[in-house]
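Here are my notes after going through this model.

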Amino acid sequence: MLRFEERGHFGAGFMDSEPLKEADEDLVSEVNLTNSTMTEEERQEIQQELAKLEEEIGTLRQVLSSKEKQHAELKQQLGLTPLSELRNNFSRGWHDMQSSTAYKKTTETLSTAGQRTSAAFSTFGNTITRRFGDLRYTHFNSVFITAS
């Protein structure tokens with residue numbers, strides 16, 4: 001099989017390559033994964049910087065833990081429980097939703113639709129009542145006329 005450079009194009013893909021042979025595996029295992037251009041001095045400097053960062057992270061975790069405890073204590077002193085916070089968040093969210101433009105427009109649209117539906121049913125009811133009245137009147141007259 002031709003190598004990538006020998007093909008003369010960038011079309012060589014993963015599927016075009018041959019499986020690794022034992023000799024290739026040996027080469028891969030011998031690769032030095034550390035940066036070979038790094039001096040021992042640079043390496044020590046980076047390790048010191050890494051140790052310093054790890055120490056700072058530990059300190060920050062301790063400070064955060066202390067602040068979280070203080071936060072919990074202050075909330076407890078104020079009587080804020082998870083349930084009361086949930087209730088407050090829900091109330092605040094409900095208020096925010098009712099204040100939104102989309103909610104107001106939807107409410108107006110539904111109100112208008114409700115009024116129109118109510119008016120339509122009222123008109124329909126009046127029409128049915130009138131028709132029954134007309135039917136009763138017609139039936140009464142036809143019975144009265146037949147009886148005479």
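1. A word on counting before anything else: helices here are DSSP runs of H or I with at least four residues, strands are E runs of at least two, and numbering starts from the N terminus. On that basis the protein chain has 5 helices and 0 strands, so the order from the N terminus reads α-α-α-α-α. Bear in mind that this is a predicted model.

2. Burial is the thing I'd look at next. Of the 148 residues in the protein chain, 1% count as buried, where buried means under 20% relative accessible area. The chain exposes about 14,100 Å², and carbon and sulfur atoms supply 59% of that area.

3. How many salt bridges does the structure hold? There is 1, and it joins the side chains of Glu-85 and Lys-75, at 2.5 Å from N to O. Glu-85 sits in helix α4 (residues 82–99) and Lys-75 in helix α3, so the bridge ties together parts that are 10 residues apart in sequence. Both partners fall in the partly exposed class: Glu-85 has a relative accessibility of 25%, and Lys-75 has 21%. For Lys-75, that 21% has to be read against the cut-off of under 20% for buried.

4. Now the aromatics. The structure holds 1 aromatic pair. It is formed by Trp-94 and Tyr-103, whose ring centres are 6.4 Å apart with the planes at 70 degrees, so the pair is edge-to-face. The reasoning needs one cut-off: planes over 60 degrees apart count as edge-to-face. Are these two residues buried or partly exposed? Trp-94 is partly exposed, with a relative accessible area of 42%, and Tyr-103 is partly exposed too, at 29%.

5. Phe-121, Phe-124, Ile-128, Phe-132 and Leu-135 make it up, and it covers about 570 Å². Phe-121 belongs to helix α5 (residues 101–147). With a relative accessibility of 59%, Phe-121 counts as exposed, because the class begins over 50%.

6. A charged patch is also worth a look. Which residues form the negative surface patch? They are Glu-41, Glu-42, Glu-45 and Glu-49. Glu-45 lies in helix α3 (residues 40–77), and Glu-45 is exposed, with a relative accessible area of 52%.

7. Glu-45 is exposed, whereas Lys-75 is partly exposed.

How values were computed
Residues numbered from 1 in each chain as written. Predicted model: local features only at pLDDT ≥ 70, side-chain atom pairs only at ≥ 80, totals over all residues. Heavy atoms only, no water. Patch = residues over 30% accessible without salt bridge, like charges linked within 9 Å, V, L, I, M, F, W, Y side chains within 5 Å. Areas by Shrake-Rupley, 256 points an atom, 1.4 Å probe, with all protein chains shown as cover. Salt bridge = Lys/Arg side-chain N within 4 Å of Asp/Glu carboxyl O. Lys, Arg positive; Asp, Glu negative; His and termini not counted. Charge placed at Lys NZ, Arg CZ, Asp CG, Glu CD. Buried < 20%, exposed > 50% of the residue type's maximum accessible area, 1.4 Å probe, protein only. Phe/Tyr/Trp six-rings, centres within 6.5 Å; stacked < 30°, edge-to-face > 60°.
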